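User: I would like to learn how to read a few features of a protein model. Please take them one at a time.

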Amino acid sequence: MQPSLAAQRWADSSVSAIAAGFLAVLVSLAGPLAIFYQAAQAGQMSNQMFASWVWGITLGAAVAGIVLSWTLKAPIITAWSAPGTALLIPLFPALSIHEAVGAYLTAAVLLLLIGLSGGFERLMAHVPKGVASGMMAGILLPFGLNAFKGMSTLPLLVCGMLAAYLICKRLYPRYSVVLLLAAGILIAALTGQTHLGDVKLQLVTPQFITPEWSWSSTFSLALPLVLTTLSGQYLPGMAILKSAGYDVPVRRVVVVNSVASFVTAFTGGITIAIAAITAAMCTGRDAHEDPSRRYVAGIANGVFYLLAGLCGGSVVMLFAALPKELIVTLAGLALVGPISMNLAQVADAPEREAAVLTFLATASGMTFLGLGSAFWGILIGMAAHRLLRPAK
């Protein structure tokens, strides 16, 4: 008798895949959530309202990630739009929270239409693998470099984590990331760098926010949100799935995320999209040696998002209790594998010079016309690929 689908998913689970999903949530909450908190402060929002925002973005990412990873059997890591969140900071408090929610809904509908049209899917089909790898290597490189910057402030913690990473990678490569996390927390606790006693259980009560539409919020937030989400989230996110060997239907990914975005917008949750940085943690060998079993990391990621959303207040307190150097070092060392994999694909690519130009432009962190380096990196790389390829 054939095992049930749920039984098959359970049989495919592994500690390394679940740990990868947990780490992806950890990094998302420690990094992009800080930008979201800045936006809440700029908008003079209450702690209850910010907790409702956290509930919306984490629940939306949880449902979308679980549905996509389960049905596509691929590690689809979802998150809220980090570059889109940065748009809020200069707009508040002139922009009301009701207008912001109206802009979120407009952006969700526009992204849904783009997904249904298949236009973004056709664009991704024309991006060479080497150029996509160059963009991903450029995006990930700063995170790898930041892993060592904490040496000047907390040298014992960073050196200890680096030593733990090398030892665990040598002895227990499949579990190196989760062991590195445990080692980092232990070192931080022994050196008095944590304040875990301040953490307590605090559940979230989501707040319904009535949307309001205005031309100013549409042009200042909704349209830029669509553009930054496509260029800063979907473009690199789909590229990393492609470079890892996962040929997933872009249309379905965009549609599911857009529906989740529409629903959670009413609680203050900004646009849900595919992740880029954290996706790299769940698509490589650290998640599982067998690529066909890495989708469990996507499901685990969604489950941990679900728990984080229900206990949003506790999550904020937990990350305030840990030193920021721990999270930064953990993220950088966890991305060593994906960085090396993408750099190797750049070196082996037929369009090597175009891939290198993509890598350099993306890693530069440049911004132009309000668009980030990932967008310009892929544009420069595609132009170089067209101009430098041999004439037939």
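User: What share of contacts between residues at least 6 apart in sequence join residues at least 24 apart?

Analyst: A contact means heavy atoms within 4.5 Å. In the protein chain, 86% of the contacts between residues at least 6 apart join residues at least 24 apart. This is a predicted model: local features need pLDDT of at least 70, side-chain atom pairs count only at pLDDT 80 or more, and totals for chains, interfaces and linings use all residues. Residues are numbered from 1 along each chain as its sequence is written, and side-chain values use heavy atoms, with hydrogens and water left out.

User: How many disulfides does a search of the whole structure find?

Analyst: A disulfide is a covalent bond between the sulfur atoms of two cysteines. The search counts a pair of cysteine sulfur atoms within 2.5 Å; here it finds zero.

User: Are Cys159 and Cys168 buried or partly exposed?

Analyst: Buried means under 20% relative accessible area, exposed over 50%, and partly exposed in between (1.4 Å probe, protein chains only). Cys159 is partly exposed at 39%, while Cys168 is buried at 12%. Of the 392 residues of the protein chain, 54% count as buried.

User: Where does Tyr172 lie?

Analyst: Helices (H or I, at least four residues) and strands (E, at least two) are DSSP runs, numbered from the N terminus. Tyr172 sits in the loop between H10 and H11, and its relative accessibility of 48% makes it partly exposed. The protein chain has 20 helices and two strands.
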